[in-house]
Amino acid sequence: MPLRLAKIILASLAVFSLNACAYLRIDPDHFLIRSDVITSVEQEKEIVSRAKVGWTDDGKVRVLYVSGTPYERGYQQGVLLRQEVRDNLLYLYDKLLSKYHFEELLFEAYERQRPYIPEEYIEEMHGLAHGARLPLKVVHGIHALPEISEWGGKKRLNQVIKDMMNGAYGTSCSNFAASGPATSDGTMYTVRILDWGLHKISKLHEYPLLTVNVPTKGTPSVNVGWVGFLGAISGMNAEKITLGEMGYGDPEGETMSGEPMPFLLRDVLTYATSLKDVRKIISSAPPTNSFVFLMSDGKNNTAELYIRDRFRFEVHKVGETLKDDSRNFPAISNVVYGGHYDDKMHQSLTERRGKLTPQNIMDEVIPYIAMPSNFQNVLYDPAHLRLWFNNAKSRDESAALQPYNFYDFGKGLAEFKK
């Protein structure tokens with residue numbers, strides 16, 4: 001274990017050992033038991049009382065309901081899931097430091113991203129660190145990691161990245177939406193396949209978490225993610241907008257000086273009420289790396305695919321052929337799709353057109369088109385605010401072959417807001 005991380009853990013243990021039978025006071029100057037917002041135990045209790053921890057109906061995955069200001073929502077997660085947040089984030093941070101010794105890269109990446117991260121997420125990260133009693137550098141470093149993994153400049157660190165993912169580091173992912181005559185019941189189903197081999201070096205897959213955010217400003221949403229990670233990779237909001245994203249090569253001009261993708265997608269969850277809003281949010285944010293986004297709107301059963309990099313923003317709609325220099329995604333009526341395996345996706349979706357159901361999507365389509373690095377899958381039914389999701393089980397057991405968990409977001413949100 002790196003000396004620096006050992007000191008962090010020892011200091012944390014020292015804090016917990018003090019006044020073991022008494023409540024530790026909040027000290028704004030202490031590096032762990034501190035808060036620049038909360039000034040009393042009574043205030044902390046009131047803030048935490050506006051959140052709750054539940055479970056999916058099968059009792060297998062935690063659902064965290066948070067409300068209030070960004071700082072308060074981060075603090076609520078830090079307090080209510082303190083042990084899990086600390087174990088998850090410290091383990092990943094330890095792995096990054098002990099194996100690759102590139103803490104400075106995390107610092108540098110975060111500092112380049114920082115001017116472009118909306119202040120509300122800065123405050124939420126502060127709240128998480130304060131509530132979980134973690135050093136801010138750990139929270140910042142973990143949240144800088146997704147952008148590093150897509151950064152074209154990683155070519156000079158390519159062997160490190162390859163080793164990190166044990167030869168299965170692809171981040172192209174796959175997404176599709178099918179509706180109307182393309183599905184067996186006419187319902188639109190949107191699929192987000194996350195091929196990002198973090199189960200090779202982290203415990204994220206051991207700590208899946210649905211975070212239902214009820215902000216003081218904006219739209220409530222469910223973030224399909226992991227304990228301690230505030231950015232959005234997958235999710236759906238109460239306006240029936242769903243998220244999907246994929247890396248798209250390493251073209252010239254990639255940079256970390258822009259709004260990080262996970263916080264850009266948080267913007268979509270919080271502020272988009274239509275695909276028009278989604279287009280505006282993505283096209284106006286300072287770009288970083290090359291991404292493809294596939295978003296859907298369950299209010300009118302529409303979906304669109306966007307290509308966004310430093311120099312372009314393209315919009316592609318259902319039933320269009322997508323093609324670039326090396327890839328070809330022939331048009332499928334009532335379907336929009338893109339991903340790592342263009343031929344396999346076209347074959348599978350064409351063969352099942354008109355017969356797609358949640359069950360055969362989970363059992364047949366996703367296992368066929370997922371990469372070896374498959375880490376998480378989400379199947380959305382946005383019109384009814386429902387979703388199914390899973391995560392990799394272990395280092396060698398990808399998500400595609402694991403059972404799915406079901407969550408009725410509409411029902412959960414209504415019960416929390418009572």
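**Figure 1. Overview of the predicted model.** Of the 418 residues of the protein chain, 60% count as buried. The structure shown is a predicted model. Its secondary structure comprises 13 helices and 18 strands. Among contacts with a separation of 6 or more in the protein chain, 65% are accounted for by residues 24 or more positions apart.

**Figure 2. The largest nonpolar core and the surroundings of Phe293.** The largest nonpolar core contains 115 residues. Phe176, Val212, Val278, Phe293, Met295, Leu387 and Tyr407 are the residues with the most contacts inside this core. Helix H4 (residues 82-100) supplies the largest share of the core, namely seven residues. When neighbours within four places in sequence are left aside, Phe293 is in contact with Gly244, Glu245, Met261, Leu264, Leu265, Ile282, Glu304, Leu305, Tyr306 and Arg308. A second, separate core consists of six residues, including Ile26, Ile38, Ile47 and Val48.

**Figure 3. The two sides of helix H2.** Helix H2 spans residues 41-48, and its buried residues are Glu44, Ile47 and Val48. These residues lie on the same side of H2, because they cover an arc of only 95° around the axis. Glu42 and Lys45, on the other side of H2, are exposed. The packing partner of the buried residues of H2 is helix H3 (70-80). Two of the buried residues of H2, Ile47 and Val48, also belong to the second, separate core of six residues.

**Figure 4. Ala177 in strand E3.** Ala177 is located in strand E3, which covers residues 174-178. Its relative accessibility is 2%, under the 20% limit, and Ala177 therefore counts as buried. With neighbours within four places in sequence left aside, the residues in contact with Ala177 are Tyr189, Thr190, Leu294, Ala303, Asn334, Val335 and Val336. Ala177 and Leu379 are 202 residues apart along the chain, whereas a distance of 9.7 Å separates their C-alpha atoms.

**Figure 5. Arg133 in the loop between helices H6 and H7.** Arg133 lies in the loop that connects helix H6 (119-132) with helix H7 (136-150). Although Arg133 is not a glycine, its phi is positive, at about 60°. The relative accessible area of Arg133 is 11%, and this residue is therefore classed as buried, the limit being under 20%.

**Figure 6. Leu385 in the loop between strands E16 and E17.** The loop that holds Leu385 runs between strand E16 (374-381) and strand E17 (386-391). Leu385 has a positive phi of about 55° and is not a glycine. Leu385 counts as buried because its relative accessibility is 13%, which falls under the 20% limit.

**Figure 7. The second largest pocket and its lining.** The volume of the second largest pocket is about 280 Å³. Fourteen residues line this pocket, and those nearest its centre are Asn391, Ala392, Gln402, Pro403 and Asn405. By residue class, the lining of the second largest pocket is made up of five nonpolar, five polar and four charged residues.

Conventions: Residues numbered from 1 in each chain as written. Predicted model: local features only at pLDDT ≥ 70, side-chain atom pairs only at ≥ 80, totals over all residues. Heavy atoms only, no water. Core = buried A, V, L, I, M, F, W, Y, C linked by side-chain atoms within 4.5 Å. Buried < 20%, exposed > 50% of the residue type's maximum accessible area, 1.4 Å probe, protein only. Helix = DSSP H or I, 4+ residues; strand = E, 2+ residues; numbered from the N terminus. Contact = heavy atoms within 4.5 Å. 1 Å grid on protein atoms, 1.4 Å probe; cavity = no way out; pocket = protein on both sides within 12 Å on 5 of 7 lines; lining within 4 Å. Points joined across faces, edges and corners; volume = space filled by probe spheres on them. Nonpolar A, V, L, I, M, F, W, Y, C, P; charged D, E, K, R; others polar. Arc of directions from axis to C-beta.
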